[in-house]
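Let's take a walk through this protein, going from the overall fold down to a few side chains. Have the viewer open as you read.

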Amino acid sequence: MSKKLINVTVFAVDGSVKAKTLNPSESVLKQLQEFVGGWIEIVGPRMAPFLKQGDCLVVNENGRLINLEPNPTFSGLVGDVVLMRYNDIP
């Protein structure tokens, strides 16, 4: 039985928004790290109450330390941000 593809949305610091697909047959962690440019941190509804139930954001854990640019879509966050379903994180 094959695993279903995981759909995510990437909000880049340049203001672009791109729909992307993660292949669960490969390392989902590595794919997310590529999108955010480093170690990941999960931001859930407790830190971002505007999120819909079951959604989460994936950000660069060290984004502020390495001076990533502010994300224009998500005030207070830096670097590219991935929006995805929390249950899709393996």
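**The big picture**

First things first: this is a predicted model. A compact globule of 90 residues would have a radius of gyration near 12 Å, and the protein comes in at 13 Å, which agrees. If you draw a box along the principal axes, the C-alpha atoms fill roughly 40 × 25 × 20 Å.

How much of the protein is buried? Buried residues make up 36% of the 90 residues. As for contacts with a separation of 6 or more, 42% of them involve residues 24 or more positions apart. The accessible surface is about 6,000 Å², and carbon and sulfur atoms own 54% of it. On the charge side, there are 9 positive and 9 negative side chains, with the centres of the two sets 7 Å apart.

**Around the helix**

Helix α1 spans residues 28–36, and its buried residues are V28, Q31, L32, Q33 and V36. Which elements cover them? The cover includes β1, β2 (17–22), β3, β4 and β5.

Q31 deserves a click. This residue lies in helix α1 and has a relative accessible area of 12%, so it counts as buried. Leaving aside residues up to four places away in sequence, Q31 touches T21, L22, N23 and E26. Just after α1, the backbone at G37 takes a positive phi of about 80 degrees.

**Rings that meet**

Now for the aromatics. A search of the whole structure turns up two aromatic pairs. Here they are side by side:

| Pair | Centre to centre | Angle between planes | Geometry |
|---|---|---|---|
| F11 and F74 | 5.0 Å | 85 degrees | edge-to-face |
| F50 and F74 | 5.8 Å | 25 degrees | stacked |

Where do the rings of the edge-to-face pair sit along the chain? F11 is in strand β1 (residues 6–11) and F74 is in the loop between β4 and β5, so to speak a link between distant parts of the chain, 63 residues apart. Put together, F11, F50 and F74 form one aromatic cluster.

Buried or exposed: what about F50 and F74? F50 has 54% relative accessibility, so it counts as exposed. F74, at 10%, counts as buried, and F11 is buried too.

One last stop. Most residues other than glycine have a negative phi. N67 has a phi near 60 degrees, a positive value in a residue other than glycine. Where is N67? Its place is in the loop between β4 (55–60) and β5 (81–85). With a relative accessibility of 66%, N67 counts as exposed, because the cut-off for that is over 50%.

Notes:
Residues numbered from 1 in each chain as written. Predicted model: local features only at pLDDT ≥ 70, side-chain atom pairs only at ≥ 80, totals over all residues. Heavy atoms only, no water. Rg over C-alpha atoms; globule rule 2.2 N^0.38 Å. Buried < 20%, exposed > 50% of the residue type's maximum accessible area, 1.4 Å probe, protein only. Contact = heavy atoms within 4.5 Å. Areas by Shrake-Rupley, 256 points an atom, 1.4 Å probe, with all protein chains shown as cover. Lys, Arg positive; Asp, Glu negative; His and termini not counted. Charge placed at Lys NZ, Arg CZ, Asp CG, Glu CD. Helix = DSSP H or I, 4+ residues; strand = E, 2+ residues; numbered from the N terminus. Phe/Tyr/Trp six-rings, centres within 6.5 Å; stacked < 30°, edge-to-face > 60°.
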